[in-house]
Amino acid sequence: MELTTPGVATLRRDPDQAARDAETADAALAASGDGRAFERLYRTHVNRIHSLVRRMIGPDHADDIAQDVFVRAWTKISTFRGEAAFGTWLHRLAVNVILARRTTLGTERGRYDDSEAALDGVAGRAAAPELSLDFEEAIGRLPSGAREVFVLHDIEGYRHDEIADMLGIVPGTSKSQLHHARMTLRKHLRE
Amino acid sequence: MKDRWTDRLSEYLDGELAPNERIALEAHFSECGACRQTLDELRRVVARAQALDDRPPTTDLWPGIARQVGVGAVVSLGARRAQRRLSFTVPQLAAAAVAVALLSGGGAAWLLGRRGTVAAAPSTTAGGSPAPSVANVTDYAGDARYAAQVADLERALERGRGRLDTATVHVIEKNLGIINRAIRDAQSALAADPANAYLNLHLAREMRRKLELLRQAATLAGARS
C-alpha cells in the first residue's frame, strides 16, 4: 500500500500474496467450523498432496492417506498461525502423516538399502523396452529410503537437514540416498 | 565407470562441496569425460523431477473427507444441533482467537476510512428491491454455523450483561458497533467487486473479530457470576 495523497491509499497487491491472504482467511474460517472454506482449501491443494502421497508411499494407499491428511488438517487447523503459507503448513502436516502411515504399512523395513543390487534392480527393468517405465513409475520402484529422500529433496525442495530431521537419519545418509536415487533414475532418461 | 569423484557429483550439483573440493573436481572434469557425462545426466534427473506435474486423484476425495469431519453432508437436525454445540468447544473458540490475533490489525481502520468514499455501494437496487446476492459475500454472511455461533454468544452475553459494569458494557457495545459497521462496509464493497481478494480477507477478518469480541465478553460476563 502506498500513500499518494494524504488520507488516500492506493492498494497495490501481488496476486500471489492476495491468494495467500485468501487462503489464510479460509484457514481462519475453517478453524471456526466453516466447511465451505475448508473445501476451498482442499480443492486448491488436493493435487499436490495426493501426488506427494503417491510418490512417497505408492498408488495403492494414496487415496486413503491423502484423505487422512485433510482430516488431520481439519482437526489441527487451529494450530495454523499464518507464519508460513497455508500450503507449506499443510505440506509439512502431510509429510508427517505419510511417515506415520509408512510405519503402519511396514514400508519402513529396509528402506535404507544402499546395496547396488537393490538399485540396479530398478535400473535393470528400464533396460528392457517392454518394461519401459515413465519417470514417475521409475521413482516408485526405487527402494523406499532412496525414494523418500529423492521426493522430499528434488521434487519438494526440502534441505538435507530438514529431511534428516523428518526421517530420523543423519544428513550424510540423506545425501547418500539422494545420490543413489539420481544415479539410478538417470538411466531412465537415456535415449 | 566409477572413480573417487563419482559419488560426490550430486553434492557438486547441489553446491554442497567445500571450495577446495569443488576446485579439485572441476579440474578433474577437464580430464574425465565419464564424470562430465554423469553430471549432465544427474542434471537432467533433477530438472525432470522439478518439472513433474501434480495429478489429481482418480476420484474426488471430498465426500469422504466431509463425512469424516462432519461438514457438507446432509445431517439430521439433532446432529446439526450436536455440531453446533461442538462448534463451541474450547479448541474452536481458541482457533477463532488465533485467527483474530493473526488477522486483526490496522487494515480495518484503513478500509473504514477508505470506504468512507465508496462504501455507499447500495444494498438495494434503484427500485428498492434487495441487491443480487454475491457468492463471496453469501459464502461468509450466509454461513449458518457462524450465525449460530454469534447468536449463541449474543444470548450468553445478554444473560450475563447485568454482571458487567456500565463502563465495560459501553466499551463492548462501542467496539461491536465499529466491527458491525466494518462488516457492512465490506459486504457493500464486495457486492460491487465480488472477486476482490483483499475485501474477502477483510470481511473474514472482521467476522472473526466480532466472534472473538463476543466470546471474550461472554466469558467475562460468565466469569463474574
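Predicted model: local features only at pLDDT ≥ 70, side-chain atom pairs only at ≥ 80, totals over all residues.
The axes of H2(A) and H4(A) come within 10 Å, and the angle at which they cross is roughly 35 degrees. On the side of H2(A), the contact is built from Leu41(A), His45(A), Ile49(A), Leu52(A), Val53(A), Met56(A) and Ile57(A), while H4(A) brings Phe86(A), Gly87(A), Leu90(A), Ala94(A), Ile98(A), Arg101(A) and Arg102(A). Sorted by class, the residues of this contact between H2(A) and H4(A) are 10 nonpolar, 2 polar and 2 charged.

Helix H4(A) also packs against another helix of its chain. Helix H3 of chain A, residues 62-76, and helix H4 of chain A, residues 86-105, have axes 9 Å apart and pack at an angle of about 125 degrees, which makes H3(A) oblique to H4(A). The crossing of H3(A) and H4(A) is right-handed. Here the residues Ile65(A), Asp68(A), Val69(A), Arg72(A), Ala73(A) and Lys76(A) of H3(A) meet Leu90(A), Leu93(A), Ala94(A), Val97(A), Ile98(A) and Arg101(A) of H4(A). In the contact of H3(A) with H4(A) there are 8 nonpolar residues, no polar ones and 4 charged ones.

The residue Ala94(A) takes part in the contact of H4(A) with H2(A), and Ala94(A) also belongs to the contact of H4(A) with H3(A). If neighbours within four places in sequence are left aside, Ala94(A) is in contact with Ile49(A), Leu52(A), Val53(A) and Val69(A). In soluble globular proteins, nonpolar side chains tend to be buried together. The largest nonpolar core of this model has 79 residues, and those with the most contacts inside it are Val53(A) and Ala94(A). The element that gives the most to this core is helix H11 of chain B, residues 197-223, which contributes 11 residues.

Chain A has 9 helices and 2 strands, and along its sequence the elements follow the pattern β-β-α-α-α-α-α-α-α-α-α. Of the 191 residues in chain A, 46% are buried. When one considers the contacts in chain A between residues at least 6 apart in sequence, 58% of them join residues at least 24 apart. Chain B, for its part, has 11 helices and 0 strands, and 27% of its 225 residues count as buried. Among the contacts in chain B between residues at least 6 apart in sequence, 76% join residues at least 24 apart.

How do the two chains meet? In this model, 47 residues of chain A are in contact with 50 residues of chain B. On the side of chain A that touches chain B, at least two residues each come from helix H1 (15-31), helix H2 (35-57), H3, helix H6 (135-140), H7 and H9 of chain A. H2(A) provides the largest share of that side, with 10 residues. By class, the side of chain A that touches chain B divides into 23 nonpolar, 11 polar and 13 charged residues.

Two of the helices on that side, H7 and H9 of chain A, also pack against each other. The axes of helix H7, residues 144-155, and helix H9, residues 171-185, both of chain A, come within 8 Å and cross at roughly 95 degrees, and H7(A) and H9(A) are therefore roughly perpendicular to each other. From H7(A) the contact takes Gly145(A), Ala146(A), Arg147(A), Val149(A), Phe150(A) and His153(A), and from H9(A) it takes Ser174(A), Gln177(A), Leu178(A), His180(A) and Ala181(A). The contact of H7(A) with H9(A) has 5 nonpolar, 5 polar and 1 charged residues.

Ala30(A) has its place in helix H1 of chain A, and because 27 other C-beta atoms lie within 10 Å, Ala30(A) is buried. Not counting residues up to four places away in sequence, Ala30(A) touches Ala37(A), Phe38(A), Leu41(A) and Ile77(A). Ala30(A) and Ser78(A) lie 48 residues apart in sequence, and their C-alpha atoms are 8.5 Å apart in space. Arg155(B), by contrast, is found in helix H9 of chain B, residues 144-160, and it counts as exposed because it has 11 C-beta neighbours inside 10 Å.

How values were computed: Residues numbered from 1 in each chain as written. Chains lettered and ligands numbered in written order. Core = buried A, V, L, I, M, F, W, Y, C linked by C-beta atoms within 7 Å. Buried ≥ 20, exposed ≤ 12 C-beta atoms within 10 Å, placed from the backbone. Helix = DSSP H or I, 4+ residues; strand = E, 2+ residues; numbered from the N terminus. Contact = placed C-beta atoms within 7 Å. Axes fitted to C-alpha atoms, helices over the stretch in contact; angles between N-to-C directions. Parallel < 35°, antiparallel > 145°, perpendicular 65-115°, else oblique. Nonpolar A, V, L, I, M, F, W, Y, C, P; charged D, E, K, R; others polar. Left-handed = near helix turned anticlockwise from the far one by under 90°.
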